[in-house]
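Opened the notebook for this one. Below is what I looked up, roughly in the order I got to it.

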Amino acid sequence: MTARRAVVRWAWRLFRREWRQQLLVLALLTLAVAATIFGVSATYNLVPSADARFGTATHRLELDRADRRGLDAQVAAVRAWFGTVDVIGRRAVPVPGSVEPLELRTQDPQGAYGRPMLALRAGRWPSAAGEVAVTDAVAATLQTQVGGTVALDRRARTVVGVVENPGDLEDEFALVARAHADPPTAVTVLVRATAERAAALPADAGGRLEARPACHGAVLCATATQSERATAAAGALALATVVLLLVALIAAAGFVVVAQRRLRQLGMLAAVGATSRHLRLVLLANGATVGAVAAVAGTATGLVAWLAVGGRLEPLAGHRIDRLQLPWWLIGATMVLAVVTATAAAWWPARTVARIPVTVALSARPPRPKPAHRSALAAGLLLVIGVASLAAGIDSVHDRANPLLVIAGTMAIVLAIPLGSPLAIRAAAAAAGRSPVGIRLALRDLARHRARSGAALAAISLGLAIPIAIVIAATAAEHTAGEGNLSDRQLLFRIGDAEPLVPEPPPAELERLGSEVDWFAATLDQPAVIALQVAVNPADREGRNGQILRPAVVLGRQVSEHTVRDVGVLYLATPELLGSLGLDPATIDPRADVLTGQTGELRFANLSGPGTPPTVQPIQLPAYTSAPTSLVTSNGLRRHGWQPRPAGWLVAARTPLTGAQVARARQVAADAGMTVEARDHQAQLTAIRTGATATGLLLALGSWP
Amino acid sequence: MTAMLELRRVSKVYGSGPSRVQALCEVDLTVDGGELVAVMGPSGSGKSTLLTIAGSLEELSAGEVLVDGSALAGMTRNQRARLRRRLIGYVFQDFNLLAGLTAVENVALPLELDGLGQHAARAAGVAALDELGLADQADRFPDELSGGERQRIAIARAVVGDRRLLLADEPTGALDSVNGEAVMRLLRAACKRGVAGVVVTHDAQLASWADRVVFLRDGRAVDQTARPPGPESLLAPRPGR
């Protein structure tokens, strides 16, 4: 024990003196740990909590009846069965200037189970008749604030507070006091019961009973879906483990260099009586120290980044984030993993160095290089296997990947780099025959110290390969002019949001929306405005916030036996739309259901019940994902018994739209109660590429002394 | 009296075929406790090889080496490491101390490797440094010391504890004459305390500090001066000193 302590003390002192020689490994490991900590924290907090819909209840019962007496009787029956219940009343009221109605909600802020679903952000709770609290988006829509007055449900109400559902920030509603509210049109009853008790609910209580996702067993759930969050975060950690494995390979190459640099000192240690185990321990302790320093620095960096940025992710998450609510055991596991990874990476160099004869180590002569052709052969083999695995694992046609093959392929290519490095060094030295003496000496010295320089080359190559791979992936993901969601000249105004669910506004409202779009289009240079219709199945409907929405028929591609992936909403092939796309209606095959440029096993999707495969007529159109490039024909509509429904307008200008024009379009759409989509210029990809390039430059220029 | 170091017909061959080099050829050497032997010879004569074989740092090709009566041939790597920790001290021409450890930590290192507690090892290290007049340098790092000081600390490390065989390979090679003589005086003093010493040197004047000088040429011991009649003869004044 004393001997080990002495050896570890020396290793620690050496690390303190020579940490700069390990800057690349330290930086990469720190970066990997920081990214993992941030990723794990973000994943843990981004997973939506079932609290948003269930509070602390185990089941949620939706009661939807027109007559109040019937509704009251149902609630009474549910209360009698379960005992304590929490009742939330809902009533849809129209909002001037919006196609979507507003939900007037009655909910007890101190309710038995619904407390996590309701929070007061400003002001106070409504308590009297004529008082209301609204969410921030509703306040913006109604252009009001605390102290203002709004007209809702033919009644003037004073806004006394700003409220929200912390678990679902997109849950927009107005809260009124229960005692003074009008009868609800729908009621949500939150209950807490075992699965058996809930399943035995008498049928005459009616309604639709939904169990909390994590509550499948007979045991009552505790609070939020901690297990789901932890599972997602553990998944992120598993992914990070693969990255850490790659970093471990770089670290191993880096530790070989460190071992070679310290060879003479290790020889000296052996000369004064250190055993092979002591020598191994020196490098293992160095690896563990590097891992521990990287774990602490990376964890601190990741946590600081998370604390700084976590709050800004709330709009993305759609719920409030408690930045201090973190999976500490996973963070601890990440730190341990970093130390274990670095220690494991040091194992092979430690083993190799401990076997070098003492006199060879003391002389610090480079070990006789092993024949490069064997490792080069292995490198070539691994490279072929890696490329083949990646080619087999990534199906770009169907946009899917086999994770196992991708990971195996990546690992094989990564392993090929250190094995191929000695040959690269040897080739460079061989090519130096007629170079100036300085270059010749440098290259031959590299070849003489091949064990060290090959490892260093591999470490630097692997270190640079990561940012280069990110830059290539980001560049490959960047859309060309003919790809993306829309062209830079197009705007897509939608009635409702981007989901393939269309509302059914009254004709007057539809006319008002159309004139708003026309008014905006008139500000552009010779625009074309094309009204868009989608196909809906009359039998399909969905209720949301008291309004009826129709699922639009979508074109899907069969990617596996049970999976159909959406490839685009089917727009009705009207003569106007066909003309704008440069298609002659006379060329359409009367037997065709669908005109599309999409390939593969195409299916109708977003339909209730099994759909039949469409009869497809291929057309050549730009592959914009949001533009109307997959069309359903009138004959197809008739054959399947579907109906057309207005969905929005496509506005196409002659010249690319400016940022100011897009901003104005958004304002017009927001004011009118629509959504608008413009071309996504993928600014985030540019940021990623710039960051990766800067990291690569830093690694290349400064990390290897 | 048992010889502290005994080499019997020791041979060492490096490489094979055309690149075969006979570094040592049937060398016999016996060093008793308290005796200082100088090994001289031209470059490539096998001096350093003899020392590394004697110190169990290298395997021999033929012959037998006994340290304190124990044959090295049957020992495992760990047994040989233990032998180096307990019995054998090394002094090299340069690069003697481990960077990152203070002078006293360097001196105490063999004792700590052998399992002695940190405090006890440090006390022994400080005592060893004190004997060489270096106690005030105990907590300084090697790169804060002069070449002569580093070499004296290396000698302290070589004799700390119960070391009985001191092997020095050109210990004065990187030092000026004053420091060189100081180092030789320390080696001589260590041998006076009963340590068996073997020192490789090119310098005939420094070799004169030894009780006996062995000459090597092409791996063979070609000559050696006579063993002196007794330790008292060492006290006789020498010309020019």
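This is a predicted model: local features need pLDDT of at least 70, side-chain atom pairs count only at pLDDT 80 or more; totals for chains, interfaces and linings use all residues.

**Chain A, overall**

I started with burial: 42% of the 705 residues in chain A are buried (20 or more other C-beta atoms within 10 Å of a residue's own; 12 or fewer is exposed, in between is partly exposed; C-beta atoms placed from the backbone). Residues are numbered from 1 along each chain as its sequence is written, with chains lettered from A and ligands numbered from 1 in the order written.

I then looked up the secondary structure, and chain A has 21 helices and 26 strands (DSSP runs numbered from the N terminus: H or I of at least four residues for helices, E of at least two for strands). I also checked contacts (C-beta atoms, placed from the backbone, within 7 Å). Of those in chain A with a separation of 6 or more, 79% join residues 24 or more positions apart.

**A sheet in chain A**

I went to an open sheet of 3 strands, antiparallel, in the order β19-β18-β22 of chain A. β19 (563–569) and β22 (602–605) of chain A are at the edges with a single partner strand each, so each has one side without a neighbour in the sheet. On average, neighbouring strands here are turned by 40° against each other, direction ignored. I followed β18 (residues 554–560) of chain A, which pairs with β19(A) over 6 bridges, antiparallel (pairing takes at least two DSSP bridges). Gln558(A) has Val564(A) in β19(A) as its bridge partner.

**Where A meets B**

I looked at the contact next: it takes 22 residues from chain A and 25 from chain B. On the chain A side, α1 (2–18), α8 (263–271), α9 (276–309) and α12 (358–363) each supply at least two residues. α1(A) gives the most, with 8 residues. By class, I get 11 nonpolar, 7 polar and 4 charged on that side of chain A (nonpolar is Ala, Val, Leu, Ile, Met, Phe, Trp, Tyr, Cys and Pro; charged is Asp, Glu, Lys and Arg; the others, Gly among them, are polar).

**Two helices in chain B**

Last, I checked α3 (residues 103–113) and α5 (residues 147–159) of chain B, which pack at about 25° with axes 7 Å apart. α3(B) is therefore roughly parallel to α5(B) (under 35 degrees). Contact residues include Asn106(B) and Leu109(B) of α3(B), and Ile153(B) and Arg157(B) of α5(B). The classes are 6 nonpolar, 1 polar and 1 charged.

Notes. Axes are lines fitted to C-alpha atoms, for helices over the stretch in contact, and angles run from 0 to 180 degrees between N-to-C directions. Angles under 35 degrees count as roughly parallel, over 145 as roughly antiparallel, 65 to 115 as roughly perpendicular and the rest as oblique. Two residues are in contact if their C-beta atoms, placed from the backbone, lie within 7 Å.
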